[in-house]
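Let's take a walk through a protein model together. Keep the sequence and the 3D view open while you read.

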Amino acid sequence: MCMRRYLPSIAAVILILSLSLLQILSSKYNQEQEVNPESNPLSRFRNYLRINTAHPTPDYAAAVNYLTAFAATIPTLQIRTLYLTTPDKPLLLVTWPGSNPTLPSVLFNSHLDSVPAEPSKWLHDPFAAHLSDDGKIYARGAQDDKCIGLQYLEAIKELKTKLDYTPLRTVHISYVPEEEVGGFDGMAKFVESKDFKELNVGFVLDEGQTSVNDEFRVFYADRSPWHLVIKATGVPGHGSRMYDNSAMENLMIIKAGLAANSEVISVNPVFLKAGIPSPTGFVMNMQPSEVEAGFDIRMPPMADPDLMRRIIAEEWAPAWRNLTYEITEKGPLRDYTGRPLMTATNESNPWWSVFRQAIEAAGGKLAKPEILPSTTDARFMRQLGLPTLGFSPMKNTPILLHDHNEFLPESVYLEGIKVYEHIIRSLSSFDGVPVSETSK
Ligand SMILES: [Zn+2]
């Protein structure tokens with residue numbers, strides 16, 4: 001009799017228990033869906049974006065583990081992790097062996113790290129990979145450059161599992177650390193390594209940038225940064241006097257030099273150190289005897305570095321105006337043979353033709369090849385004389401790299417995978433003999 005009275009409540013308890021068990025199971029299932037690399041290209045992309053590899057504390061290990069887990073699901077791919085500097089800066093190398101391994105290989109590069117993000121300035125958490133109602137994925141790294149890193153693998157997965165395609169040339173994908181902080185502990189070390197030499201690379205595709213119209217952009221060179229600090233000295237004196245050759249006046253002459261320069265070399269003042277501090281700010285009736293200014297200069301590859309150094313020495317910071325200067329050249333402008341760091345985008349470069357045709361075959365249109373306004377790891381490969389193009393298949397998308405609210409539309413991401421299927425297939429089956437290879 002007692003039992004009968006309790007029965008409904010026992011049933012209720014069982015029902016509640018099984019409901020919560022179901023809930024636990026389904027949330028576990030959802031979690032697995034999220035981290036399970038078997039899910040789908042969009043969820044894989046969003047999961048990769050959720051791994052925080054922003055400086056100053058990039059979680060390289062998590063990114064490498066994630067990519068390794070996915071690459072391992074694609075048959076025949078070989079996966080290696082290299083440590084070229086310290087154990088906290090791994091480099092992941094994925095290889096798809098070609099049927100003729102003696103032919104020079106094709107390398108697809110992307111970097112694991114990203115620049116920091118200020119969450120308070122974003123509409124959505126930059127590391128949550130939020131999907132908006134209109135199909136945009138918001139995340140740091142969505143454009144620069146986690147998209148290409150996974151698109152390479154997705155394209156290979158399609159070619160391998162759906163078409164059972166086998167490349168003629170070996171295809172490598174490198175995931176390098178430290179690009180956003182200059183690449184010195186990443187790609188710079190990699191290209192000097194025995195591991196890199198053994199890859200026998202013939203052609204490289206590295207990151208590019210979005211285009212705001214219907215054409216894909218492609219980059220054949222980077223600009224190389226120079227940091228210039230000019231120090232002016234002059235007579236100190238009372239603020240009311242009009243001296244000739246004061247430190248400030250001597251510094252102003254630089255501006256005349258700036259205007260005379262061609263548009264292709266950019267020179268931006270970045271700091272000015274002058275003035276005599278006082279408890280309330282600066283002493284207003286004293287002309288300083290020392291003034292220092294810093295400039296960020298970007299040199300395109302065709303610029304003549306010797307001429308630039310001469311202009312700085314003779315026109316911008318001449319000793320006779322009490323000016324001294326220091327130039328820090330952050331990268332080379334010439335390859336090891338002395339040629340400008342540019343990749344030919346004409347018929348003299350057979351890889352270019354193959355690349356261009358692959359874009360057309362994918363139904364895409366290429367914009368006129370450009371010089372990238374900033375610097376990427378591509379310069380390290382070009383220094384070795386390797387033809388290297390910067391390309392990220394993103395069009396009709398605002399340029400938001402390093403910006404707040406960086407996003408990539410889902411449709412653009414998915415189309416990029418298709419584009420890489422064409423590119424990887426064309427480049428890896430290219431059986432011509434590029435001129436650079438015959439001269440090796
Ligand atoms: Zn980048």
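**Around the annotated sites**

Start at E207, which sits in the loop between strand 7 (201-206) and strand 8 (219-222); strands are DSSP runs of E with at least two residues, helices are runs of H or I with at least four, and both are numbered from the N terminus. Residues are numbered from 1 along each chain as its sequence is written. This is a predicted model, where local features need pLDDT of at least 70, side-chain atom pairs count only at pLDDT 80 or more, and totals for chains, interfaces and linings use all residues.

E207 is buried, with 23 other C-beta atoms within 10 Å (20 or more makes a residue buried, 12 or fewer exposed, in between partly exposed, with C-beta atoms placed from the backbone). UniProt, in an unreviewed entry, lists E207 as "binding site" along with H111 and D144. Such positions use the numbering here, feature names are shortened, and annotations may be inferred rather than shown by experiment. The three are spread over 97 residues of sequence, yet their largest C-alpha distance is 8.5 Å.

Now hop to H111, in strand 3. Leaving aside neighbours within four places in sequence, H111 is in contact with residues including E179 and D377; contact means that C-beta atoms, placed from the backbone, lie within 7 Å.

Methods
Two residues are in contact if their C-beta atoms, placed from the backbone, lie within 7 Å.
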